[in-house]
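Subject: Structure handover

Hello,

I am passing on a structure that you have not worked with before. Please have it open while you read the notes that follow.

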Amino acid sequence: MKLFDVYPLFDIVPVSGNGCYITDQDGIEYLDLYGGHAVISVGHSHPVYVQKITEQLQQIGFYSNSVQNPMQEELAYKLGELSGYPDYSLFFCNSGAEANENALKLASFHTGKGRIIAFEKAFHGRTSAAVAITDNPKIISPLNDTVLRTLLPLNRADLLESALQKGDVAAVIVEGIQGVGGCVVPEAEFLQETSVLCKKYGALLILDEIQSGYGRSGKFFAHQYASIRPDIISVAKGMGNGFPIGGILISPDLKPWSGMLGTTFGGNYLACAAGIAVLDIMKGEHLVENAFEVGNYLFGKLAAIPQIKELRGKGLMIGIEFDFPIATLRKQLLFEEKIFTGVTGSHVIRILPPLTLTSAQCDLFVDALIKLLK
Ligand SMILES: Cc1ncc(COP(=O)(O)O)c(C=O)c1O
């Protein structure tokens, strides 16, 4: 059997990882500024993470959500404390798209309405409702196209209010920082106005923090720069440092009923072990603070490079836009300088490293970039 060929692949086979580095089958080491697409939060193969999952596997790997699982409560408690949302509750799932899918469904249950407002350049995942509100018609199938949705430009509170006035909106969903969109940060005032407008018109505010959350922006959640409190926050990626786990943080105003949401794998022992290890490491090693400081350092260094057209993002989520196509530059970074980076479209390099990145590793990248741009 062959693989269903949907991914353009680099000819690299990683076989091990350590902190901010991965090593391929030929023994070549790469500085990982891509983090496996913003997934690696506490670094590759962190010893505490490895030990926690290994020990758990030796005890019990899986049962189901029909029995007590105190590890889920431990993870929820630690996440509430570290994120600043101790009064919210947590529903577990397995991926980012699934987190958004549950967030949208919960908003629709709560409001009794069906329309979702999302924003241009948004990416919310590839499952039915999540992909329907993603701004990429190419990946929306006719089946997905049945979801009621309104796509608006970001930062236009006037247009948002007109759409909400129609009275059929269950939720407004926005990324803390648009990832696939190229690290576009919504204006703080716009997020604040959005929060007020949602309350005024009885719609819920969902913050998709799947890419921008879990410390990446230099705050636990990117929306915390705007001091708002959404009704639902979706998380995944960095939550498990590579182990598939996602979830939604839910405001105490939203009440559950038995059977309202459900999942087979969500919150299983191994996922919880991974998620608890991530939170323990993040807290113990001050990784949110590190993302803030090292991110600012890197931003400052990049700002001095004249060939860069625009820099966007916060913390360790940085979009570097050039006024020329960057495919060759990215390949040179990878194959000549041994530095993995991400990309958005044809002109933006995206930096999404492990949150353990050091300023010395930033220097390696900046020096390589300057050399290649000469
Ligand atoms: C902002 C955002 N939302 C949702 C998703 C979907 O996550 P997953 O691929 O885990 O389904 C992604 C993935 O890149 C994302 O960046």
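Helix H4, residues 96-111, gives the most to the shell around the ligand, with 3 residues. This is a predicted model. There are 14 residues around the ligand, and those that come nearest are Ser95, Gly96, Ala97, Gly125 and Gln211. By type, the shell consists of 5 nonpolar, 7 polar and 2 charged residues.

Next, the domains. The protein chain is divided into two parts: domain 1 covers 14-42 + 286-373, and domain 2 covers 47-284. Taken over C-alpha atoms, the centres of domain 1 and domain 2 are separated by 25 Å. Where the two touch, 25 residues from domain 1 and 26 residues from domain 2 take part in the contact. On the domain 1 side, two or more residues come from each of helix H1 (35-38), helix H9 (287-303), strand S11 (310-314), strand S12 (317-321) and strand S15 (348-351). H9 gives the most to this side, with 5 residues. The residues on the side of domain 1 that touches domain 2 are 13 nonpolar, 8 polar and 4 charged.

Then strand S8, residues 204-208. How many of the residues of S8 are buried? The strand is mostly covered, with 5 of its 5 residues buried. In a regular strand, side chains alternate between the two faces of the sheet. In S8, Leu204, Ile206 and Asp208 are on one side, Leu205 and Leu207 are on the other, and both faces are covered.

S8 has strand partners as follows. With strand S7 (residues 169-175), S8 pairs in the parallel sense over 5 bridges. In this pairing, valine 174 stands opposite leucine 207 of S8. To get from S7 to S8, the chain passes through helix H7 (residues 188-201), and this β-α-β crossover is right-handed. Strand S9 (residues 232-235) also pairs with S8 in the parallel sense, over 3 bridges. There, serine 234 in S9 is the bridge partner of aspartate 208.

Strands S2 and S3 come next. Strand S2 (residues 21-24) and strand S3 (residues 29-32) are antiparallel and pair over 3 bridges. Isoleucine 22 has tyrosine 30 in S3 as its bridge partner. The two strands form a hairpin with 4 residues between them, and in the turn glycine 27 has a positive phi of about 85°. S3 is also joined to strand S13 (residues 339-340) by 2 bridges, and S3 and S13 run parallel. Opposite phenylalanine 340 in S13 stands aspartate 32.

Is leucine 357 buried or exposed? Leucine 357 counts as buried because 26 other C-beta atoms lie within 10 Å, and the cut-off for a buried residue is 20 or more. Leaving aside its neighbours within four places in sequence, leucine 357 is in contact with Cys20, Val294, Leu316 and Cys362. Serine 41 is 316 residues away from leucine 357 along the chain, yet their C-alpha atoms are separated by 9.8 Å.

Regards

Notes:
Residues numbered from 1 in each chain as written. Predicted model: local features only at pLDDT ≥ 70, side-chain atom pairs only at ≥ 80, totals over all residues. Buried ≥ 20, exposed ≤ 12 C-beta atoms within 10 Å, placed from the backbone. Pairing = 2+ DSSP bridges. Right-handed = clockwise from strand over helix to strand, strands pointing away. Near = placed C-beta within 6 Å. Nonpolar A, V, L, I, M, F, W, Y, C, P; charged D, E, K, R; others polar. Domains from an automatic or database assignment. Contact = placed C-beta atoms within 7 Å.
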